[in-house]
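Biologist: Thanks for sitting down with me. Could you put the structure up so that we can go through it together?

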Amino acid sequence: VALAIVFGLVALVLDALVKLDRADAGGFVLLDGETWEQTLWLSLDGISFLMLLPLFCGIAIFVVPLQLGVKTIAFPRLAAASFWGFAMASTILIASYAINGGPGGGDADGVQLYLLSLGLLAVSLTAAAVRIAATVLAVRAPGLDLGKVPPFSWASLVTAIMMLVALPAVIALVALLYIDHRYGRVIFGGNVGVGPHLEWLHLHPQILLLAVPTLGVVLEVVPVAAGKRLPSADIWQALVGGFALLSFGAWANQAVVDNVLVLGASGRVIAEEFLYIGMTAAAALPLLGVLAMVGATVAGGRPRSSPALVLALVSLLMLLGGVTLAALGSLIDATLADGDFKLRATTWRDGTFALIALGGGLGGLSAGVLWWAPKAYGRTLNPGLAYLQVLAFGHRLATRGRQLRRGPAGHQRTPPARRP
């Protein structure tokens, strides 16, 4: 958890630098073209792979055994191996960027080092997911069947399962990219061809996976704060599981992204187009169900305000807003956009990423840290941290609101000096 927080702070600083350069539609403010692109990719990789997924794994490894009545997580030696693998892979990944590697980097050896570190990072996170899923499925206390596990343990299980589905696809893709890049560069286009084939990792629906644990945190915090039990467990388990299922985005690779959301002058409709829009739009339905369940629980009880409750509810609302805007942008691209203009090439996409990954994912996990801090540290954390984060989310929401408005106005993701 501590290591993920450190990497996350670095990623957020880099994200702020990237957004500052995008404030000027005419060119760069602080960074030159190549540095800007590398900083963008490092911030995205840092938010997704160095902060949110490891932070979820760290919280789950501590909380899930407590909730299931067991002494420790399954496969403790695998736990140590995955942690040290994560630490080593993260360090190598950052070093690869430092030597001008990363997607689109100018140093071929640096790009290969980046691919190796990303593959090792995916392997380490896969090992962590195996431990979490095995604990919930096979190491529960006697008499605790799967239908009675607490909400966060259930959310951890479905998140781990979806990680086990998505991360092997990442490992296979990275292996193909590495082999092609090292031995010929005839299929994927060399240094500049790496980025487009990895872009789906930071697009919806795949980024929805980063926010699945938030639903578990919300469903843990709200009943206690309201003093009222949740309705039938079957309902919230189905809602969380459905949202996690819709977060699978490995199919949204470059082959699909290049053709998806294209409704040409001939009226030709591509099947993947409706799959892409439908999966994103359908993800809003489980969120609406969770929101309705939370509202009924609060209305039927006597809620007591707490920092964790406020942060959890704000995160849920930002997640719902991000998913809704992502689906709306995809629909606009499919039906209204023409020529080379696409909302997915503008700052609209950055706004939805921030709402889903940072507002929904980071906010929910932060609420979980506040909620379970007394069990971990023996004392509550400073509540001012939660309200400060809510204010930060408000500022970020205003910033992303400007990005969302600039998207339809044609404000591109990449400043003009970097566009081909």
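Predicted model: local features only at pLDDT ≥ 70, side-chain atom pairs only at ≥ 80, totals over all residues.

Biologist: Let's start with the overall fold. How many helices and strands are there in the protein chain?

Modeller: Happy to. Read along the sequence, the pattern is α-α-α-α-α-α-α-α-α-α-α-α-α-α. The count for the protein chain is therefore 14 helices and zero strands.

Biologist: What share of the contacts between residues at least 6 apart in sequence joins residues at least 24 apart?

Modeller: The chain has 420 residues, and buried ones make up 55% of them. Among contacts between residues at least 6 apart in sequence, the share joining residues at least 24 apart is 83%.

Biologist: Now to a helix pair. Are helix 8 and helix 11 roughly parallel or roughly antiparallel to each other?

Modeller: Helix 8 covers residues 233-245 and helix 11 covers residues 284-300, with their axes 9 Å apart. They pack at an angle of about 150 degrees. Angles over 145 degrees count as roughly antiparallel, so helix 8 and helix 11 are roughly antiparallel.

Biologist: And what is the handedness of the crossing where helix 8 passes helix 11?

Modeller: Take the packing angle of about 150 degrees together with the way helix 8 passes helix 11. The crossing is left-handed.

Biologist: How do the residues of that contact divide into nonpolar, polar and charged?

Modeller: From helix 8 come Ile235, Trp236, Leu239, Gly242 and Phe243, and they meet Pro286, Leu287, Gly289, Val290 and Met293 in helix 11. The residues of the contact divide into eight nonpolar, two polar and no charged.

Biologist: Is Thr126 buried or exposed?

Modeller: Thr126 is in helix 4, residues 108-138. Its relative accessible area is 16%, and buried means under 20%, so Thr126 is buried.

Biologist: Which backbone oxygen does the side chain of Thr126 reach?

Modeller: Not counting residues up to four places away in sequence, Thr126 touches Leu164, Leu167 and Ile171. Its side chain also reaches a backbone oxygen at 2.7 Å, and that oxygen belongs to Ala122.

Conventions
Residues numbered from 1 in each chain as written. Heavy atoms only, no water. Axes fitted to C-alpha atoms, helices over the stretch in contact; angles between N-to-C directions. Helix = DSSP H or I, 4+ residues; strand = E, 2+ residues; numbered from the N terminus. Parallel < 35°, antiparallel > 145°, perpendicular 65-115°, else oblique. Left-handed = near helix turned anticlockwise from the far one by under 90°. Contact = heavy atoms within 4.5 Å. Nonpolar A, V, L, I, M, F, W, Y, C, P; charged D, E, K, R; others polar. Buried < 20%, exposed > 50% of the residue type's maximum accessible area, 1.4 Å probe, protein only. Polar contact = N/O pair within 3.5 Å; in protein donor to acceptor, adjacent residues only side chain to side chain.
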